[in-house]
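Me: I have a model open and want to get my bearings. Can we go through it together?
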Amino acid sequence: MFLVGLTGGIASGKSTVARILKEDLGCLVIDADVIAREVVQPGTNGWKKIRQHFGSDVFLPNGELNREKLGQVIFNDAEKRKVLNSITHPEIYKAIAWKVVKNFLLGQHFIILDLPLLFESKKMVPFMSYTVVVNCSEEQQVQRLMARNQYSKEAAEIRIQAQMPLSEKCGLCTRIIDNSKDMKTTYLQTVQLHKELSKSLLYWKVRMLIALCAGSVIGLTIYVVKCIFR
């Protein structure tokens with residue numbers, strides 16, 4: 001099994017490509033945003049640590065995390081943002097690792113990891129066989145954010161500028177999906193990506209290596225046992 005890192009920028013269309021891969025093409029997609037929500041559910045380690053560091057003001061009356069309020073707290077405070085990341089990121093990575101191992105044992109060919117901060121955090125990059133960036137122009141990001149979230153142009157630009165530029169991410173990845181045109185063009189690029197991943201020899205190379213290692217271990221064990229009881 002091999003891993004494919006899928007990333008992009010805010011309103012670049014990453015979620016659209018992830019949905020096509022999952023719903024239309026049947027890929028296993030692990031969404032870091034979904035896991036990020038799971039690891040701060042009431043009673044989890046992440047939930048307890050956030051409550052300890054940020055207090056009860058960032059929680060709703062029912063005990064759930066108030067993401068909007070927490071976002072306001074950390075948006076312009078780099079130190080508090082680092083504290084939050086130090087709490088949530090290890091929990092997210094552990095949850096992802098567990099899902100990857102489980103699906104490896106089930107014989108999954110490859111897994112798409114939907115990681116918004118793939119290149120920002122850098123921690124997951126060494127484990128990716130392929131990295132894919134969903135790209136569009138900054139002006140398109142601004143227009144999409146304004147339409148989707150009802151942001152002013154200034155508010156949209158501030159959020160985009162707070163992220164690593166898409167142009168920089170494109171220089172780091174192994175594959176780009178251009179989402180600056182119509183939906184059909186994006187869909188066809190995604191289908192082509194899926195075909196290439198499905199045909200990849202990496203899967204068979206990794207499986208063969210594991211089989212050879214397992215065979216060597218079993219052979220050595222049998223030899224040692226025979227020597228002991230000879």
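Me: At what angle do helix 1 and helix 10 pack?

Reply: Helix 1 (residues 14-24) and helix 10 (residues 183-198) pack at about 55 degrees, and their axes are 10 Å apart. Axes here are lines fitted to C-alpha atoms, for helices over the stretch in contact, with angles from 0 to 180 degrees between N-to-C directions. That makes helix 1 oblique to helix 10. Angles under 35 degrees are roughly parallel, over 145 roughly antiparallel, 65 to 115 roughly perpendicular, and the rest oblique.

Me: Which residues of helix 1 and helix 10 make the contact?

Reply: From helix 1, they are Thr16, Val17, Arg19, Ile20, Leu21 and Asp24. Helix 10 brings Met183, Thr186, Tyr187, Thr190 and His194. Contact means heavy atoms within 4.5 Å.

Me: How many of them are nonpolar, polar and charged?

Reply: The contact of helix 1 with helix 10 has five nonpolar, four polar and two charged residues. Ala, Val, Leu, Ile, Met, Phe, Trp, Tyr, Cys and Pro count as nonpolar; Asp, Glu, Lys and Arg as charged; the others, Gly among them, as polar.

Me: Before I go on, what kind of model is this?

Reply: This is a predicted model, where local features need pLDDT of at least 70, side-chain atom pairs count only at pLDDT 80 or more, and totals for chains, interfaces and linings use all residues. Residues are numbered from 1 along each chain as its sequence is written, and side-chain values use heavy atoms, with hydrogens and water left out.

Me: Zooming out, how many helices and strands are there in the protein?

Reply: The protein has 11 helices and five strands. Both are DSSP runs numbered from the N terminus: helices are H or I with at least four residues, strands are E with at least two.

Me: What share of the residues is buried?

Reply: Of the 230 residues, 37% count as buried. Buried means under 20% relative accessible area, exposed means over 50%, and partly exposed is in between (1.4 Å probe, protein chains only).

Me: And how many of the contacts join residues at least 24 apart?

Reply: Take contacts between residues at least 6 apart in sequence: 71% of them join residues at least 24 apart.

Me: Back to helices. How do helix 3 and helix 5 cross?

Reply: The axes of helix 3 (residues 45-54) and helix 5 come within 9 Å and cross at roughly 165 degrees. The two are therefore roughly antiparallel to each other. Asn45, Gly46, Lys49, Ile50, His53 and Phe54 of helix 3 meet Lys80, Val83, Leu84, Ile87, Thr88 and Glu91 of helix 5. By class, that contact has five nonpolar, four polar and three charged residues.

Me: Glu91 is in that list. Is Glu91 buried or exposed?

Reply: Glu91 is buried, with a relative accessible area of 14%. Glu91 sits in helix 5 (residues 78-105). Not counting residues up to four places away in sequence, Glu91 touches Val39, Asn45 and Lys49.

Me: What about helix 4 and helix 5, at what angle do they cross?

Reply: Roughly 130 degrees, and the axes of helix 4 (residues 67-75) and helix 5 come within 7 Å. That makes helix 4 oblique to helix 5. Leu70, Val73, Ile74 and Phe75 of helix 4 touch Lys80, Arg81 and Leu84 of helix 5. Those residues divide into five nonpolar, no polar and two charged.

Me: New topic: the loops. Where is Ala11?

Reply: Ala11 lies in the loop between strand 1 (2-7) and helix 1. The phi of Ala11 is near 65 degrees, a positive value in a residue other than glycine. Ala11 counts as buried, at 10% relative accessibility.

Me: And Gln150, buried or exposed?

Reply: Gln150 is exposed, with a relative accessible area of 63%. Gln150 is in the loop between helix 7 (138-149) and helix 8 (153-161). Its phi is positive, about 60 degrees, although Gln150 is not a glycine.

Me: Last one. How far apart are Gly9 and Lys169?

Reply: They are 160 residues apart in sequence and 8.9 Å apart in space, C-alpha to C-alpha. Gly9 is in the loop between strand 1 and helix 1. Gly9 is buried, with a relative accessible area of 13%.
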